[in-house]
Amino acid sequence: MRNNLDRHLAAVRNLGILAHVDAGKTTVTERILYATGTTHKRGEVHDGTTVTDFDPQERDRGITIFAAAVSCDWDGHRINLIDTPGHVDFADEVERSLRVLDGAVAVFDAVAGVEPQSESVWRQADRYGVPRIAFVNKLDRAGADLDTAVASIRERLHPVPLVVQLPIGTEDGFTGVVDLLRLRSLTWGDGGEGVVEGDVPEHLREEALRRRRLLEEAVAERHPGALEEFCDRETLSAATLTAALRDLTRTGDGVVVLCGSAYRNRGIEPLLDAVVDYLPSPLDVPAVCGIRDGGDGRRAAVDGIRHTADEERPADPAAPFAALAFKVGATPTGRLTYLRVYSGTIEKGDPVWESGTRRVERIGRILRVQADRHAQLDRAVAGDIVAVIGLKSARPGSTLCAPTAPLVLEPPGVPDPVVSVAVEACRSTDTDRLSSALARLAEEDPSLVVRTDAETGQTVLSGMGELHLEVAVEKIRRTLGLEVNVGRPRVTYRETVGRGVSGVVYRHVKQDGGAGQFAHVVLDVEAQDEGFAFRSAVVGGRVPQEFVRAVEAGCRDALTEGPLGGHPVTGLRVTLTDGATHVKDSSETAFRTAGRFGLREALRACAMVLLEPVVEVTVTVPEDAVGGVLGDLAGRRGRVTDSVVRGGSAVVTATVPLAELFGYATRLRSRTQGRGTFTARPTGYAPAPAVVTTTP
């Protein structure tokens with residue numbers, strides 16, 4: 001029985017498709033579904049007929065907005081695949097998907113190579129330690145070059161690319177590839193229907209042998225087993241290469257590179273073989289770690305302080321159930337909660353403990369997801385990615401587990417929003433409906449934040465970019481038929497310490513009958529590069545340790561509003577240097593209050609600096625339009641960092657304040673007669689000029 005379970009898990013692959021927008025990611029997904037027999041007609045992005053881009057807004061805009069899960073079978077393996085968005089505004093969808101995946105296929109444009117969002121999603125995968133293989137797509141395009149694309153992967157992403165294929169033909173004449181492991185050719189006809197295997201073309205034989213030798217040397221240099229065989233025989237067998245490439249992929253010491261043209265359906269079958277051969281199964285990844293929760297209130301984080309994981313759950317269907325919710329969505333059939341099952345087995349009607357509300361709920365139905373279509377399952381086991389109906393309180397990032405063995409898994413990180421707009425219903429009678437719709441949006445997408453402005457009373461919706469907010473508002477308009485007014489976008493500022501202070505004394509005394517409150521703290525504040533750090537330098541036990549933790553919690557409370565304009569504060573280090581207590585009136589509450597008001601007083605004494613969000617903009621324009629584009633960027637306070645000519649177009653890279661980019665797409669189109677495009681990715685915060693408006 002145990003061997004059967006292991007064989008089942010060994011035949012599962014949970015992977016995502018990652019790429020920059022327009023690199024062909026959704027088309028790759030469509031061709032995988034077609035090649036595996038899951039679909040019987042090839043969907044096209046430009047026709048709005050793809051399986052994974054099923055939302056009306058995705059079809060209208062021609063881009064992936066929401067991560068979509070599908071499943072297929074290949075060579076006796078079950079592949080659970082998530083097609084992720086490529087636009088920077090929807091990076092949180094990628095983040096939540098990567099948290100639950102075991103592997104990924106990174107898709108690159110053979111002409112553009114590594115693009116800004118390619119780099120961003122690669123770094124996200126690095127953070128979660130997700131093994132990857134690379135697929136260089138669009139080799140049939142004019143200007144496509146595998147070697148140039150591989151060079152950009154090596155230079156900008158810094159992995160060790162291990163190229164296992166050689167293209168046959170170039171640009172429009174691309175017809176197939178040479179498999180360097182087996183030294184066989186794989187070609188496809190005009191319709192891309194079926195792969196034909198044959199001998200290596202004579203004119204490519206010498207080059208194929210040279211590249212095979214380079215591959216052997218690169219693998220032997222990094223894999224002890226392969227090195228031993230290479231020293232003995234001066235070559236590596238295909239079986240040894242496959243095993244070594246699998247090991248290097250799973251440890252992250254190398255990245256296997258394949259190539260093809262998804263649009264023409266060329267190169268998909270070898271890509272599927274590589275997914276099976278090189279990417280890990282749930283058995284090959286480390287056991288998931290979490291915080292054991294015994295019902296006494298212990299959580300994975302307290303007052304923002306992270307604690308060390310103290311329990312592991314192996315990928316074992318017989319172990320206690322543990323799963324992580326990574327996506328929530330409303331459908332006509334009910335509220336769907338998407339789960340990655342890490343351990344145990346769950347069946348319809350089973351009770352589960354939810355970490356957010358600490359309540360027990362029951363699973364109504366379990367579904368195998370195929371984008372917007374679903375098939376009912378009797379059960380889900382370790383390694384599965386499924387959706388369930390019946391959970392009312394689960395949110396993205398919630399842990400679901402057996403009530404008898406509570407566990408809290410680390411949720412995916414949620415980025416801070418950078419753009420805000422005021423929203424209001426056109427009719428006052430729709431105000432309550434709008435509030436409910438916004439609350440539901442924030443439940444489904446944690447990177448959306450809804451708040452009420454304390455000064456104006458307006459409802460403010462914050463997100464990751466203009467497009468992100470556009471999509472959210474349009475979703476309300478389409479699904480509920482609500483007419484909504486939207487204000488001008490505003491960016492989210494930060495405040496930081498330019499010059500610190502020391503020896504700030506704050507004494508909190510309150511006496512209004514009964515037990516009073518007393519806390520005395522002395523704080524030093526210093527600048528640091530980013531984030532917040534706290535330490536205690538109190539000696540002699542003048543402030544007990546439990547009160548020190550309360551002072552830190554109070555300081556964290558004070559970071560929500562800075563003295564310049566009420567913006568969040570970052571980039572500082574606080575040291576508690578001294579303090580005093582009262583034998584009766586001191587408490588954690590009193591010291592938390594002293595920490596909060598003491599730091600606020602210290603910040604007012606500091607030299608504070610206003611920070612604004614900045615982005616790296618990559619603008620692609622015809623060469624004759626470069627001058628106008630550079631002048632426009634300079635007028636937007638942009639700082640050009642690079643400019644190259646590629647394939648007849650100029651590619652300009654610049655760092656620009658996000659506040660200056662509102663409406664830039666329209667301006668760029670008018671300056672280039674519709675021929676210019678740009679992408680942007682957040683790079684952090686930078687000091688803002690004094691003239692910038694700082695109203696929160």
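Helix 4 (residues 91-99) is largely enclosed by the rest of the structure, because nine of its nine residues are buried. Buried here means under 20% relative accessible area, exposed means over 50%, and partly exposed lies in between, with a 1.4 Å probe and protein chains only. Helices (H or I, at least four residues) and strands (E, at least two) are DSSP runs numbered from the N terminus. The buried residues of helix 4 are Ala 91, Asp 92, Glu 93, Val 94, Glu 95, Arg 96, Ser 97, Leu 98 and Arg 99.

The model is predicted: local features need pLDDT of at least 70, side-chain atom pairs count only at pLDDT 80 or more, and totals for chains, interfaces and linings use all residues. Residues are numbered from 1 along each chain as its sequence is written, and side-chain values use heavy atoms, with hydrogens and water left out.

The interior can be described through its nonpolar cores, each a set of buried Ala, Val, Leu, Ile, Met, Phe, Trp, Tyr and Cys residues joined through side-chain atoms within 4.5 Å. The largest has 43 residues, and Ile 32, Val 105, Ile 133 and Val 219 have the most contacts inside it. Helix 10 (residues 268-278) gives the most to this core, contributing seven residues. A second, separate core holds 39 residues, including Leu 482, Val 617, Tyr 664 and Leu 668.

Leaving aside neighbours within four places in sequence, Val 105 touches Leu 15, Gly 16, Ile 17 and Leu 18, together with Ile 133, Phe 135, Leu 271 and Val 275.

Two loop residues call for a look at the backbone. Asn 265 is not a glycine, yet has a positive phi of about 65 degrees. This residue lies in the loop between strand 11 (255-259) and helix 10, and is buried at a relative accessible area of 3%. Arg 637, also not a glycine, has a positive phi of about 65 degrees. Arg 637 sits in the loop between helix 15 (626-635) and strand 38 (639-646), and counts as partly exposed at 32% relative accessibility.

The cysteines come last. With a disulfide taken as a pair of cysteine sulfur atoms within 2.5 Å, the count comes to zero. For Cys 289, the nearest cysteine sulfur is that of Cys 401, 15 Å away; Cys 289 is partly exposed, at 36% relative accessibility. For Cys 555, the nearest is that of Cys 606, 12 Å away, and Cys 555 is buried, at 0% relative accessibility.

Conventions: Contact means heavy atoms within 4.5 Å.
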